[in-house]
Amino acid sequence: MAQEQIQEFVGEDFSDARLSRQHWVDRHYTGCTFRDADLSELRTERVVFTDCDFTGADLSGSVHRVAAFRSCTFVWTRLWHSEFHSSTMMGSTFEQCRLRPIEFDEVDFTLASLGKADLRGVDFTDCRLREANLVDADLRNTALRAVDLHGARTFGLRLDGADLRGAHADASLWTTAKLAGAKIDLTQAVAMAAAHGLVVGE
């Protein structure tokens, strides 16, 4: 079968557009505005958004596969009940968004800003949060198994009850995040002890 031709949209304004329940495949949106647009139950496959503005947009119930949201802005965006599979949010900013419940399957949040985000109970297993801004974010009771947290900003991050086993993190995580009741493995326990100046063993 011939590959779908990529549709390009550059600098277009979709503010207040009603685009719910559509199915987009092989599209590229660059510098586009989706402010207050209705994108609920949207389905995307191999769609790339670069420097797009989703302020006030409704993406609830949407499903995205092999999608990219690069350096996009999400402010007061409704994302609850949405799904992201094998996708990237690299460099995107999330502020005051409605996020839970939400599904992430192998999603890359490298350099994303999630400061103060409410992500309680979300499953981030096998996702990447490298160099992400997680300052004062609420990730209580999340699953963070095998997650890459290297370089993440974690001051005030709430990880109480989270499952961190197998996650990769810098020493600063163990001194800046709140970790009451978190599940960690033996290697992480040694790293935590060292971060607090303790000596393990002889």
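## The pocket

On a 1 Å grid over the protein atoms alone, a pocket is an open set of points where a 1.4 Å probe fits, with protein on both sides within 12 Å along at least five of seven lines. In this predicted model, the largest pocket comes to about 190 Å³, a volume being the space filled by probe spheres set on the points.

Who lines it? Counting residues with an atom within 4 Å of a point, the lining of the largest pocket includes Phe94, Glu95, Gln96, Cys97, Gly115 and Asp118. It splits into 5 charged, 4 nonpolar and 2 polar residues; Asp, Glu, Lys and Arg count as charged, Ala, Val, Leu, Ile, Met, Phe, Trp, Tyr, Cys and Pro as nonpolar, and the others as polar.

## The fold

The protein has 11 strands and 2 helices, which are DSSP runs (E, at least two residues, for strands; H or I, at least four, for helices). Along the sequence the order is β-β-β-β-β-β-β-β-β-β-β-α-α.

## Size and burial

Along the principal axes, the C-alpha atoms fill a box of roughly 65 × 40 × 25 Å. As for burial, 46% of the 202 residues are buried (under 20% relative accessible area, 1.4 Å probe, protein chains only).

## Ground rules

Residues are numbered from 1 along each chain as its sequence is written. Local features need pLDDT of at least 70 and side-chain atom pairs 80 or more, while totals for chains, interfaces and linings use all residues; side-chain values use heavy atoms, with hydrogens and water left out.

Definitions and conventions: Buried means under 20% relative accessible area, exposed over 50%, partly exposed in between (1.4 Å probe, protein chains only).
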